[in-house]
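Q: Could you take me on a close look at the part of this model around the ligand, and at the strands and helix that go with it? I would like one connected account, with the cut-offs spelled out.

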Amino acid sequence: MARRRGARREVVRALTADPRLLARLAGWSVLEAAPALLLGQAVARAIGDGFAAGRPWTGAAWLAVLGAVWVAAAYGARQVVLAVAAMVEPFRERLTARVVAGTIRSAAAAGRPPGSAAVARSTLQVELARDALAAVVMVVRGFLFTAVSVVAGLLALEPRLLPVVLPPFAAGLALFALSLPALARRQRAYLLADERTAAATGDVAAGLRDITACGAEDRAEAAAGRAVAAQAAAGRRLARVTALRTAVLAVGAWAPVLALLAAVPWLRDHGVGPAVVVGALAYLTQSLIPAFTGLVEGLGVSAVRLGVALGRIAETAGPVQRHALPPISAGGDVPHVLLHGVTYAYGPHAAPVVDGLDLTVPAGGHLAVVGPSGIGKSTLAALITGTRRPGAGLVLVGGVPADRLDPAERVLIPQEAYVFAGTLRANLCYHGPPSVPVEEALAAVGADALADRLGGPDAEIDPRALSAGERQLVALARAYLSPARLVVLDEATCHLDPAAEARAEEAFARRPGTLIVIAHRISSARRARAVLLMDGTDVRSGTHDALVATAPLYADLAGHRPPPGRDPEREHAR
Ligand SMILES: Nc1ncnc2c1ncn2[C@@H]1O[C@H](COP(=O)(O)OP(=O)(O)OP(=O)(O)O)[C@@H](O)[C@H]1O
């Protein structure tokens, strides 16, 4: 909330920081609105004193004066744009400094270099905020100066016109002010729904190969379909308030014209001639209506865009802290992964699979997660990698909510690895240009013999010809080559023999970054620096030795007290 206020303060600061700039903007706005002040007067005089009075040169002279004022106003409009730019550019620079500093702070907290993608996304929001602020300033300022000019022009032309046209105009303005909050709310909801649809369809497009490989077409279609349906509903709700906008325009813009025409007999009785009525019509139709329409149509959209962009910037500009955070783990390590009060259930009435979980994994840490089958280990992996959102609590990776983390920052390898048809190299470099030679990664995870057998990195591979274990080796080498700082192996080595599994895990433990292993064998936990034991609501953590000493279930799993018939190396009875 405080950060949002901070972003709003930037708006106020941008508008008021430089009084001389404000004065310049006002001065050029007066010139830009000069035709609105003169238009009706010039038309009335051109007709009344000129063409209708048999003095065409006088009529033409008034029109020429009007033309000259239009030329001057065009220059004024140019200066207005420059003044608005001078107002919003420092605003953009201050916001950019804030979001870049925020991104760097988050990255520093996670012990990684700041990702350029995160900075690019934040600065895009800054650009949107700058454009929206400029649009709001242009629209509101244009309306105010035009409205004041028209009222002054009408007053100078014929004071009796004001009681005729001002009441409906004021009523329209009041109606607009009343409808603005609802309009803004629905416009905002539509904008966010639109973004969610774009994100959902973008995800589908980007992951098409994965979706096809995993046979997840129905799930992907349902997810995108939900986003589209939500956007359609938001669109319908917006359309209903947009109809109100038409009513606002009817009252505020067109009712004054009707009132003027209806008042013609009364005006005539008070000596107001047709030239003045035509002049008044010119004021209304050529100046007031366009300015009012611009306000009604522009303000709702631009102000909402500004609000949304500022909200996003506020989220980036400082660390997210919706909850009081637990103390950071002893030893002063910077937490790379932080879970606080995390609860997750697979349905509104289902018992939570994860309930109030607190967990910290330091940057560069190596955690193994163990527990009986079906206890929630894969769910935890999905929460940490942001593929599922907690029902309550907070999951931060590098200070960023896990579901909003740059996808390049983490990689999850599930149990069933997938390999697509193509070269081995294309499979390995799927996450982007490799940071180490492909051969080095293959050797590190123990996939070098497989690569040789397949004909080297540039050989074409047929996924169907590979065993499940071979597919896991390819997926492991791919994750090893990815730029991700967080690697989550969800039983990703279950089809390898214990020696191959040890080799792969040790390679990931040596690789810079944080490693979380959902353990298939207890030997994975022995290798890890810390172990999380999940057993329903009883979740414990500690080193392997500490858990053997204190947790009977863990001692059983570790084979220290094997129950009859249990294979001590395969702790998850499946
Ligand atoms: N998509 C889903 N919808 C409903 N329930 C689910 C879903 N996925 C998992 N569950 C349930 O949530 C619980 C935890 O599942 P999860 O896969 O996280 O456990 P796990 O410890 O990883 O199990 P395993 O070791 O067998 O992979 C299980 O009872 C499972 O049936």
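A: Happy to. Two strands pair if DSSP finds at least two bridges between them, and helices (H or I, at least four residues) and strands (E, at least two) are DSSP runs, numbered from the N terminus. Residues are numbered from 1 along each chain as its sequence is written. Please keep in mind that this is a predicted model, in which local features need pLDDT of at least 70, side-chain atom pairs count only at pLDDT 80 or more, and totals for chains, interfaces and linings use all residues.

Let's begin with strand S1 (residues 335-344). Five bridges join S1 to strand S4 (residues 392-397), and the two run antiparallel. Within that pairing, Leu338 has Leu396 of S4 as its bridge partner. S1 is also joined to strand S2 (residues 354-362), by six bridges and again antiparallel; here Val337 stands opposite Val361. Eight of the 10 residues of S1 are buried, so the strand is largely enclosed by the rest of the structure. Buried means that 20 or more other C-beta atoms lie within 10 Å of a residue's own; 12 or fewer makes it exposed, anything in between partly exposed, and C-beta atoms are placed from the backbone.

Now to the ligand. It is surrounded by 11 residues, and the closest are Tyr346, Ser373, Lys377, Ser378 and Thr379. A residue is near a molecule or strand here if its C-beta atom, placed from the backbone, lies within 6 Å of it. By class, the shell has three nonpolar, seven polar and one charged residues, where Ala, Val, Leu, Ile, Met, Phe, Trp, Tyr, Cys and Pro count as nonpolar, Asp, Glu, Lys and Arg as charged, and the others, Gly among them, as polar.

Lys377 leads us on to helix H11 (residues 377-384), which is mostly covered, with six of its eight residues buried. Those six are Lys377, Leu380, Ala381, Ala382, Leu383 and Ile384. Just after H11, Gly386 takes a positive phi of about 80 degrees.

A second backbone detail is worth a visit. Most residues other than glycine have a negative phi. Glu491 has a positive phi, near 50 degrees, and is a residue other than glycine. Glu491 sits in the loop between strand S9 (486-490) and helix H16 (498-510). Glu491 counts as buried because 21 other C-beta atoms lie within 10 Å.

Of the contacts with a separation of 6 or more, 76% are between residues 24 or more positions apart; a contact means C-beta atoms, placed from the backbone, within 7 Å.

Finally, some words on confidence. The mean pLDDT (the predictor's confidence in each residue, from 0 to 100) is 86 for the protein chain, and 90% of the residues reach 70 or more. Helix H1 (residues 2-16) has the lowest confidence, at a mean of 71, and helix H9 (residues 264-269) the highest, at 96. Over residues 318-332, pLDDT stays under 50, and the model has 20 contacts beyond four places in sequence for them. The model scores ipTM 0.97 and pTM 0.54.

Terms used:
Two residues are in contact if their C-beta atoms, placed from the backbone, lie within 7 Å.
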